Amino acid sequence: MIEFDYRNIKEEIIGSENGLNIEEEFNKYSETIHRIISDLNSKKDKPGQWLQWMNLGYNEETIWYVKEYAALVENRFDNILILGMGGSSLGSMAVCEALLPPYWNFLTKEQRNNFPKIFFLDNIDPDQMNAILNILDLKKTLVNVVTKSGSTAEVMAQFMILKDRMEQELGDDYRKNIIATTDKNIGILKQLSDQEGYKTFYIPDDVSGRFSVFSAVGLLPFALVGINIEEITQGIKDMDLALKNTDIRFNIAAQNALIHYLMDTKKGKNISVMMPYSYRLRYVADWYCQLWAESLGKEKDKNNNTVNTGQTPVKALGVTDQHSQIQLYNEGPNDKIINFLRVGEFDTNLEIPNIFEYTGISYLGGKTINKLFNAEADSTMASLIDYKRPNVTITVPKLTPYYLGQLLYMIEVQTAITGALYNIDAFDQPGVEQSKNYTYALMGRVGYEDSANELKAKLSNPIKI
Ligand code: PA5
């Protein structure tokens, strides 16, 4: 199992001003945590609770359909292109980056065992889009358009450009190069798929975008590039079993949830940094940022009180950001909790050759780069302790599908428990919907005329100094 170490948030390590008397807090919150975990598990099958993500590891039917389709198109495409925003792409990107060899798209077809390259288009920067269109041979590209609502402006605009180009280049056959991943009942993409006959995968009800990585949203791209999805779901199931334990002393998701909640509400640590010491896990930090921000950043609690909750999530990468952000983390405001994300065993052991005599660098020769990497992580942690900065460490034994399933599921459960501690709805996103609606208004969507006029007035009156 992945491991969780919270020693460095204890008051005996970093002092009572910044640290917690964690045993006392575990005791104080044991009933609350017991209730929250029992609640999550008893409500997860009920419609309208938005907890279906807790069942995704057990969805044999989706696994079957995904594997069937992946087998059907094996060797047919050179590229997979995923169109999707936020939750519709970040999880897939995080897992692909973690499990595929680095620089996958630069490897030869043989080095990729004949699996396709994979590209994620999660922006609508015209230059980026144009570049993708110039790079990809659309005849050999499978485009997967992913949108739960089936109407997000950015994704649908991307899709309209792609569909048009594909039709021009492929003629009527273009349909075979398109997959839609969307809601079963609602949305324009669903209607379009039915009409045009695209292969379609469904995102189950009550799974919001940022919790959808283990639905077809993620499982399909994973299977298409040869990632073992059954190992992923085995990891989820084993972690789910462990996290059903309602005793906080044995539940790592509950422990990190409570630690974050108390650090924010009692110790003023309103920033949560995710810092993987693994280049391959860097997008897990992006995925975490979205999950933490969108789930916990809420104006109202469940009783409609104005609460404005949520820690600001920040991503950092070891060792890169030691030379960028650590100065601030050590000596700037003591307002952060740092989550180190470490890997027990890397796939590679790389020795540094003993080629120089200079005493300033000769100590490196004959050691492994792995040892240096770990020493850097240990040193960063030790310096944070010196400066009395709270930090926790999550260790993934190895970057395998099994452990990635465990890791992401554990963080999802942690997020849900933290939401319950704040007494907010962790599964809605009214703040995102508001700006989506403004975009519709500005782009002239029917039904949004009043907001459009109001907005035009606001935007055309810049403050003059
Ligand atoms: O987590 C969320 O709900 C959001 O980030 C959505 O995933 C994102 O806005 C895209 O929405 P949709 O999948 O409906 O296109």
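**Loops, pockets and salt bridges in a predicted model**

Q: To begin with Asn75: is this residue buried or exposed?
A: Asn75 is exposed, with a relative accessible area of 52%. Please note that the model is a predicted one.

Q: Where does Asn75 sit?
A: Asn75 belongs to the loop that runs between helix H3 (60-72) and strand E2 (79-83).

Q: And what is its phi?
A: The phi of Asn75 is near 70°. That is a positive value in a residue other than glycine.

Q: What about Asn308, and what is phi there?
A: Asn308 is not a glycine either, yet its phi is positive, at about 45°. Its place is the loop between H11 and E8. With a relative accessible area of 57%, Asn308 is exposed, because the cut-off for that class is over 50%.

Q: Which residues does the cis peptide bond join?
A: The cis bond lies between Gly318 and Val319, with omega about -5°. Val319 is placed in the loop between E8 and helix H12 (326-331).

Q: Changing topic: how many salt bridges are there?
A: The count comes to 25 salt bridges. As background, side chains of opposite charge can pair when their charged atoms come close.

Q: Which residue is the salt-bridge partner of Glu97?
A: Glu97 meets Arg282 through their side chains, at 3.1 Å from N to O. Glu97 is in helix H4 (residues 90-99) and Arg282 is in helix H11 (residues 282-296), so this pair ties together parts that are 185 residues apart in sequence.

Q: Are those two buried or exposed?
A: Glu97 counts as partly exposed, at 27% relative accessibility. Arg282 counts as buried, at 18%, because buried means under 20%.

Q: Which residue pairs with Asp286?
A: Asp286 forms a salt bridge with Lys315, at 2.7 Å from N to O. Lys315 lies in strand E8 (residues 312-315) and Asp286 in helix H11, so the pair ties together parts that are 29 residues apart in sequence. Lys315 is partly exposed, with a relative accessible area of 41%, whereas Asp286 is buried, at 19%.

Q: What is the salt-bridge partner of Lys336?
A: Lys336 pairs with Asp335, and their closest N and O atoms are 2.7 Å apart. Both Lys336 and Asp335 are buried.

Q: On to the surface: which residues make up the nonpolar patch?
A: The patch is formed by Ile355, Phe356, Tyr358 and Ile361, which together have about 450 Å² of accessible area. Of these, Tyr358 is in the loop between strand E9 (336-345) and helix H13 (359-362). Tyr358 counts as exposed, at 60% relative accessibility.

Q: How much space lies in the largest pocket?
A: The largest pocket holds about 640 Å³ of space.

Q: How many residues line it, and which lie nearest its centre?
A: The lining of the largest pocket has 29 residues, and those nearest the centre are Ser149, Thr152, Val432, Glu433 and Lys436. Elements that give two or more residues to this lining are strand E4 (141-147), helix H6 (153-170), H11 and H16.

Q: Which element gives the most to that lining?
A: H16 gives the most, with six residues.

Q: How many residues does H16 have, and what is its reach?
A: Helix H16 (residues 430-442) has 13 residues. It reaches 19 Å from its first C-alpha to its last, close to the 18 Å expected at 1.5 Å a residue. Just after H16 comes Gly444, which takes a positive phi of about 80°.

Q: How many cavities of 30 Å³ or more are found?
A: A search of the whole structure finds two. About 40 Å³ of space lies in the largest cavity.

Q: Which residues line the largest cavity?
A: Its lining is made of Ile37, Leu40, Asn41, Met54, Asp240, Leu243, Lys244, Tyr409, Val413 and Ile417. The elements that give two or more residues to the lining of this cavity are helix H2 (22-43), helix H9 (229-243) and helix H15 (401-422).

Methods:
Residues numbered from 1 in each chain as written. Heavy atoms only, no water. Helix = DSSP H or I, 4+ residues; strand = E, 2+ residues; numbered from the N terminus. Expected span 1.5 Å × (residues − 1). Salt bridge = Lys/Arg side-chain N within 4 Å of Asp/Glu carboxyl O. Buried < 20%, exposed > 50% of the residue type's maximum accessible area, 1.4 Å probe, protein only. Patch = residues over 30% accessible without salt bridge, like charges linked within 9 Å, V, L, I, M, F, W, Y side chains within 5 Å. Areas by Shrake-Rupley, 256 points an atom, 1.4 Å probe, with all protein chains shown as cover. 1 Å grid on protein atoms, 1.4 Å probe; cavity = no way out; pocket = protein on both sides within 12 Å on 5 of 7 lines; lining within 4 Å. Points joined across faces, edges and corners; volume = space filled by probe spheres on them.
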